[in-house]
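Trainee: Hi! Could you walk me through this one?
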Amino acid sequence: MKKVAYVASECVPFIKTGGLADVVGTLPKIFDRNEYDVRVIMPNYLCIPNKYREKMQYITHFYMDIGYKNDYVGVMYLEYEGVKVYFIDNEYYFNGPTPYGDVKWDIEKFCYFSKAALSILPSIGFQPDIIHCHDWQAGLVPVYLKTLFAGDLFYTSMKSVMTIHNLQFQGKWDIKTIQEYSGLPDYVFTPDKLEVQKDAAMLKGGLVYADKITTVSNTYAKEIQTPYYGEGLDGLLSARWQSLWGIVNGIDYEVWNPATDPQIYKNYSVDNFRELKKINKIELQKECGLPQDENQFVIGIISRLTDQKGLDLVDRIMNDICCDGVQFIVLGTGDVRYENMFRYYQGIHPAKVSANIYYSDERSHKMYAGCDVMLVPSRFEPCGLTQLMALRYGTVPVVRETGGLADTVEAYNQFEGTGTGFSFANYDPYELLNAINYAKEVYYNNKEAWYYIQERGMRQDYSWYNSANIYKDLYNSL
């Protein structure tokens, strides 16, 4: 029996702000329980819904020295869908309406969390072979494992894996503060370890000390070894290229299934989508306040509204996109600049643009079922789940060839009759416009080819089972 502990700041269904939660919440369920014992360790946030909090069981508590303090560590427990989940309880750190807040406060909070995640293992009677850490919030776990915990026989044989979900976020602050909060020794705060441009980065510590590093797509694993994508860590990642694995994320095919999805207007499958998908389009148009016309080319964006997502490109060409025969629906929140941008375009194109500046899981399902195209023009994209969900629902992705988008969407080739979407290479608004126009031209003038693009997308398999098999190989290599 191989034992693996997942250490992360979020996990579905308890708390989610991004794709990290999907990975941590879904992947442990996939492993064969006769072969793997995979458990999750996460914070016991006050903002976890009460329906989960009231089912938690108290396990134990103790006090832990960290930095200059002696902090309370409580352990709560809940088994969810067969996966054992341990919640580290400390109201001082994990109260409040959201899991994250001020950066400096988050750094103190996750220094505590990283050390507590290791400290609870003897108390819960679990001695994992591998500790799988996710993003900067768990970045100090491999550091503690190889420094302050290295002399304890309980921990000496443990290996660690560090997964990068987004290299842009590194848990960076000045050295003095992170040393004070973490209690780590002086010798780890050097340029070859935690130091980055005279500050300290928690994620860098994890990347230096982990036995293996993974990121969430093959292309992103290569990109982050270059200065443009490397966020100042490209030298380290290039040096550790032999320990770096790229493993594409999956999606839960039971939740994201147009044949059984209770949240869409009309269920359909790869066998009948040609007749039934259009019903979802008509109802989506009605719900979004747009003229109902099954022949319109409906473009969707479901995204955090930030620079990373390529929305500055969309801004440059929005008036060109909103021409005859096109409707545009956006769902998401983020930077005020982009929220107001879409509100503005809805104001000047009320029959063509629907700006839904909020997030709704139900509306996202309806958009995947009702749109013709899903736009993902990201500047960089470690993996991206939007395009995987779009493929599953027969909504054709239009993407930039970067990171996981390049790995999961094959560009349409009219001569060979292959491809599952449309793509463009350079970060340029008019290349994006050309990709949209090419998709629109096929949609209107070669409907049979369009149906085959949709069908090929729906037949792709980006379930977690494929990813889990690669993670098994990774764990076996350790």
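This is a predicted model: local features need pLDDT of at least 70, side-chain atom pairs count only at pLDDT 80 or more; totals for chains, interfaces and linings use all residues.
Trainee: Thanks. Which domains does the assignment give for the chain?
Mentor: It gives domain 1 (2–250 + 465–477) and domain 2 (273–461).
Trainee: And how far apart do the C-alpha centres of domain 1 and domain 2 lie?
Mentor: Those centres are 34 Å apart. The contact draws 17 residues from domain 1 and 16 residues from domain 2.
Trainee: How much area do domain 1 and domain 2 bury between them?
Mentor: About 1,300 Å² is buried between domain 1 and domain 2, with 52% of it on carbon and sulfur atoms.
Trainee: Okay, helices now. At what angle do H11 and H14 pack?
Mentor: Helix H11 (residues 273–287) packs with helix H14 (residues 361–370) at about 130 degrees, and their axes are 8 Å apart. Angles over 145 degrees count as roughly antiparallel and 65 to 115 as roughly perpendicular, so H11 and H14 are oblique to each other.
Trainee: Is that crossing left-handed or right-handed?
Mentor: H11 passes H14 in a left-handed crossing.
Trainee: Which residues meet there?
Mentor: From H11 you have Lys 277, Asn 280, Lys 281, Leu 284 and Glu 287, and they meet Arg 363, Lys 366, Met 367, Tyr 368, Ala 369 and Gly 370 of H14. Sorted by class, the contact of H11 with H14 has five charged, four nonpolar and two polar residues.
Trainee: What about H17 and H18, how do they pack?
Mentor: Helix H17 (residues 429–445) and helix H18 (residues 447–458) pack at about 115 degrees, with axes 5 Å apart. H17 contributes Ala 439, Val 442, Tyr 443 and Asn 445 to the contact, while H18 contributes Lys 447, Ala 449, Trp 450 and Ile 453. That contact of H17 with H18 has six nonpolar residues, one polar and one charged.
Trainee: Switching to the backbone: is the peptide bond from Val 12 to Pro 13 cis or trans?
Mentor: The bond from Val 12 to Pro 13 is cis, with omega near 5 degrees. You'll find Pro 13 in the loop between strand E1 (2–7) and helix H1 (19–30).
Trainee: Last one. What is the phi of Glu 81?
Mentor: Glu 81 has a positive phi of about 50 degrees, although it is not a glycine. Look for Glu 81 in the loop between strand E4 (69–80) and strand E5 (83–89).

Terms used: Residues are numbered from 1 along each chain as its sequence is written. Side-chain values use heavy atoms; hydrogens and water are left out. Axes are lines fitted to C-alpha atoms, for helices over the stretch in contact, and angles run from 0 to 180 degrees between N-to-C directions. Helices (H or I, at least four residues) and strands (E, at least two) are DSSP runs, numbered from the N terminus. Angles under 35 degrees count as roughly parallel, over 145 as roughly antiparallel, 65 to 115 as roughly perpendicular and the rest as oblique. A crossing is left-handed if the near helix is turned anticlockwise from the far one by less than a right angle, and right-handed if clockwise. Contact means heavy atoms within 4.5 Å. Ala, Val, Leu, Ile, Met, Phe, Trp, Tyr, Cys and Pro count as nonpolar, Asp, Glu, Lys and Arg as charged, and the others, Gly among them, as polar. Domain bounds come from an automatic or database domain assignment. Buried area is the accessible area (1.4 Å probe) that two parts lose on being put together, summed over both.
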